[in-house]
Each structure stands twice: as C-alpha cells, then as structure tokens.
Amino acid sequence: MDEPRPTRLIETALQCYPARWRRRHGDEAAELAVLLIIDGTPPASIAVSYLAGAAREWLTPRPSRRMITVACALLAAACSLAAAAGLLTSAVPARAANTSHWHGRGHCRPASPEPVPGVIAAMGHSHVITREAGHDRSC
Amino acid sequence: MSVQDSKAGQDVLRRVGEASALILISLADGPKHGYALIQDIKQLAGLELGPGTLYGALDRLERLGFIEPMPADDRRHPYRITTSGAAALRVHLDALERVSAAGRLRLRLGGI
C-alpha cells in the first residue's frame, strides 16, 4: 500500500519555506501533516499554519542575514563617503577658478594669503599679524 | 536575549511566547518529537499548536540553547530540554506562580 502523502496544498505551503528549513524539517513536517490529517485536523488549517510559519521564517532575521545587513550598511556608508569626497574635490577647483577670475567688487576682496609678521613685544608673545591686502574689513 | 539572561534570573520565556514555554514544559519529562509534542500540549493545556507554530518555536528554543535535537529515528527528530532550558523554565514558572498568587490575593481582597 502507498504511504499516505500530505495534500497538494500542504506540499505547496511547505515549498514556501527557505531551502535550509526544508532540508532540516521538510520530511518530518510532511509526515506530521499526514498524522494530523489522520487525527482529523483539516488539511487547510495545516496548510495555513505552515504558510504563516514560512512567512515568519523569511521575516525573522538570522545571524547570517544580520551579518549581510551590516556588510551592506558598511558598503553603503563607504559609497556615500566616497561620493561626498568626490563632490568636494570637484567643488574645490571650481571655487578656485571663481576666485582667480576676480573682477573686483571694489572694496570686497578675499583675504590675502600673505601674512605680515610682526611682534607685539609688550605682551611678550610672538604673533603673526595678518593684514588683508585690500581692506581690513572682512566681507 | 540569551542564556545569560535566564542565569541572571530574568524570565526569558516571557518574551519568546506561550508556545515555547509549553514546549519546554512538555519536554521537561523526557524527549519528544513534533507529533508527540502537539498531542501532549493538547492534553496538558487544551491548546492545539499548529505545525507551523511548533517548528518556529522549536527553532527559536534551539537557537537559545534551551533544547537540542537528538539523533533522528526514521524521519522524526526528537528534542530534549537542556540544562539552561530547564533553568529558564524554572524562572518562568516561578514568575507565573508569583503573578498567579498576586491575582488570587487581589480577587480575595476585592471580594469578587
């Protein structure tokens, strides 16, 4: 006599589980379903229970999946940092180009990079006094 | 949530659900496989665990180190409770007892 088999509905529900779960529990779960049907449990309710279990199995984070999530987060962070660095390096030459083509708005010019050394002896400290080449007022 | 929690006296089973606690109670008197667990829980608690719920709870308890699978006989995998599983169950049952006693006392005090 043929061994009793779970209904197609239950087999389909069991197929919804991850492969790892099916390798581990698949045969036993099918056998358990047959025993429950023999006991009088409606096959549909067994199938629904397995479907809900399969959904939970996919949604529950596993340690390995957690590692993958962390790796993806790190990769995304590295990519966004690289993108930000790329934007910065492309923005700096553009700004430099803007300042080199200074048409002058009269008094307002960027600070001169040339420092004028001076010593404030009275205070006993050496200071470098920076004097702006154009105006003393900052813009 | 870990084995350390139950060692520290925390009721870990309260957070993993009723099915897990019932499975541990069922395994407390000896190893059982899935079908035997469902039958036993039906008898002791009047609750029919769905097979999907059962396997989810078994996996969770195994991850926590509260149960361990034994060598399979045929296609069935019997499970047995571990020492830390027994400790976690004790903590859970103690907590239930305290809540139950407090509830009964309040009912008496309230005259209901």
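This is a predicted model: local features need pLDDT of at least 70, side-chain atom pairs count only at pLDDT 80 or more; totals for chains, interfaces and linings use all residues.

Analyst: Residues are numbered from 1 along each chain as its sequence is written, while chains are lettered from A and ligands numbered from 1 in the order in which they are written.

User: Which pattern does chain A follow along the sequence?

Analyst: Helices (H or I, at least four residues) and strands (E, at least two) are DSSP runs, numbered from the N terminus. Chain A has four helices and two strands. Read along the sequence, the pattern is α-α-α-α-β-β.

User: What covers the buried residues of H2(A)?

Analyst: A residue is buried if 20 or more other C-beta atoms, placed from the backbone, lie within 10 Å of its own. In H2(A) the buried residues are A:His25, A:Ala29, A:Glu31, A:Leu32, A:Ala33 and A:Leu36. Their cover includes H1 (8-15) and H3 (43-59) of chain A, together with H4 and H5 of chain B.

User: Which element gives the most to the side of chain B that touches chain A?

Analyst: Two residues are in contact if their C-beta atoms, placed from the backbone, lie within 7 Å. By that rule, 11 residues of chain B are in contact with 16 residues of chain A. On the chain B side, the elements giving two or more residues are H4 (34-45) and H5. The one that gives the most, with five residues, is H5(B).

User: How are H3(B) and H5(B) set to each other?

Analyst: Axes are lines fitted to C-alpha atoms, for helices over the stretch in contact, and angles run from 0 to 180 degrees between N-to-C directions. The axes of H3 (residues 18-27) and H5 (residues 51-64) of chain B come within 9 Å and cross at roughly 75 degrees. Angles of 65 to 115 degrees count as roughly perpendicular. H3(B) and H5(B) are therefore roughly perpendicular.

User: Which residues of H5(B) make the contact with H3(B)?

Analyst: Two helices share this contact. From H3(B) come B:Ala19, B:Ser20, B:Ile23 and B:Leu24. From H5(B) come B:Thr53, B:Ala57, B:Leu58, B:Arg60 and B:Leu61.

Methods
Angles under 35 degrees count as roughly parallel, over 145 as roughly antiparallel, 65 to 115 as roughly perpendicular and the rest as oblique. A residue is buried if 20 or more other C-beta atoms lie within 10 Å of its own, exposed if 12 or fewer, and partly exposed in between; C-beta atoms are placed from the backbone.
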